[in-house]
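Here is a short report for a reader meeting this structure for the first time. Please look through the sequence and the model before reading on.

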Amino acid sequence: MVQVVLPNDANPLGFILGGTVMHLIDIAGAIACHRHTRTLLVTAAVDGLEFLHPIKVGDLIILKARVTCVFRTSLEVRVDVYSEETLTGRRQQTSRAFLTFVAIDSHGGRIPVAPLLVETDEERKECEAAQARRRERLRRKGEV
Ligand SMILES: CC(C)(COP(=O)(O)OP(=O)(O)OC[C@H]1O[C@@H](n2cnc3c(N)ncnc32)[C@H](O)[C@@H]1OP(=O)(O)O)[C@@H](O)C(=O)NCCC(=O)NCCS
């Protein structure tokens, strides 16, 4: 997803609001997951999110979302966020987020997600890392 940062998205310093970035991350992650599952989805979790650099009005915000691993009724997506200066093309990574979505039917019941085709070593490693993150999430949830 690519958008230009407009004054309406910004704080008084002229930087995009964190909440706006979070909204776009949720949307980009959901689109990637919808294109895999072709079902209704709800966001179950968003892992710790950092804002490494500000993105200023007039810059582009670029979000790249990729499903990392499918579990049973849930799946994880990674969203990388970049800023790009329109006049120079200078690009910088500003955030990385991992989100979990749960597939549901129209009555809210959970439904199994189709398996993910994992082909390269890099994809296999990403999926293993996703499984470790999932264990940690569910452990934390158990503590709440
Ligand atoms: C997310 C939600 C569906 C989980 O329901 P639940 O009854 O606690 O969980 P279930 O036992 O049905 O588990 C369903 C799946 O969610 C996963 N899950 C549940 N809580 C999770 C969490 N905090 N983090 C990651 N995964 C989670 C489970 O592991 C399971 O996945 P699996 O089948 O792949 O193993 C429920 O809490 C909910 O509807 N929350 C509100 C969602 C929402 O409104 N989001 C914002 C707007 S879309």
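Predicted model: local features only at pLDDT ≥ 70, side-chain atom pairs only at ≥ 80, totals over all residues.

**Helix α2**

Helix α2 runs over residues 121–143 and has 23 residues. From its first C-alpha to its last, α2 reaches 34 Å. That is close to the 33 Å expected at 1.5 Å a residue. The buried residues of α2 are Glu126, Cys127, Ala130, Arg133 and Arg137. They pack against four strands named here: β2 (40–46), β3 (60–70), β4 (74–84) and β5 (91–104).

**The ligand site**

Helix α2 also takes part in the shell around the ligand. Along with α2, strands β2 and β5 each supply at least two residues of that shell. In total, 15 residues surround the ligand. The closest are Thr73, Ser74, Arg110, Arg134 and Lys141. By class, the shell has six nonpolar, four polar and five charged residues.

| Residue | Distance from a polar side-chain atom to a ligand oxygen |
|---|---|
| Threonine 73 | 2.6 Å |
| Arginine 110 | 2.5 Å |

How much of the ligand's accessible area does the protein cover? On its own, the ligand has 930 Å² of accessible area, and the protein covers 58% of that.

**Aspartate 80**

Aspartate 80 lies in strand β4, one of the strands that the buried residues of α2 pack against. Is aspartate 80 buried or exposed? Its relative accessible area is 8%, under the 20% cut-off, so aspartate 80 counts as buried. The side chain of aspartate 80 is joined to that of arginine 96 by a polar contact of 2.7 Å. Leaving out residues up to four places away in sequence, aspartate 80 touches Ile62, Leu63, Lys64, Gln93, Ser95 and Arg96.

**Arginine 38**

Arginine 38 is found in the loop between α1 (18–37) and β2. Is this residue buried or exposed? Arginine 38 has 68% relative accessibility, over the 50% cut-off, so it counts as exposed. What is the phi of arginine 38? It is positive, at about 55°, although arginine 38 is not a glycine. Most residues other than glycine have a negative phi.

**In brief**

Aspartate 80 is buried, whereas arginine 38 is exposed. Helix α2 has buried residues that pack against strands, and α2 also supplies residues of the shell around the ligand.

Notes. Residues numbered from 1 in each chain as written. Heavy atoms only, no water. Expected span 1.5 Å × (residues − 1). Buried < 20%, exposed > 50% of the residue type's maximum accessible area, 1.4 Å probe, protein only. Contact = heavy atoms within 4.5 Å. Near = heavy atom within 4 Å. Polar contact = N/O pair within 3.5 Å; in protein donor to acceptor, adjacent residues only side chain to side chain. Areas by Shrake-Rupley, 256 points an atom, 1.4 Å probe, with all protein chains shown as cover. Nonpolar A, V, L, I, M, F, W, Y, C, P; charged D, E, K, R; others polar.
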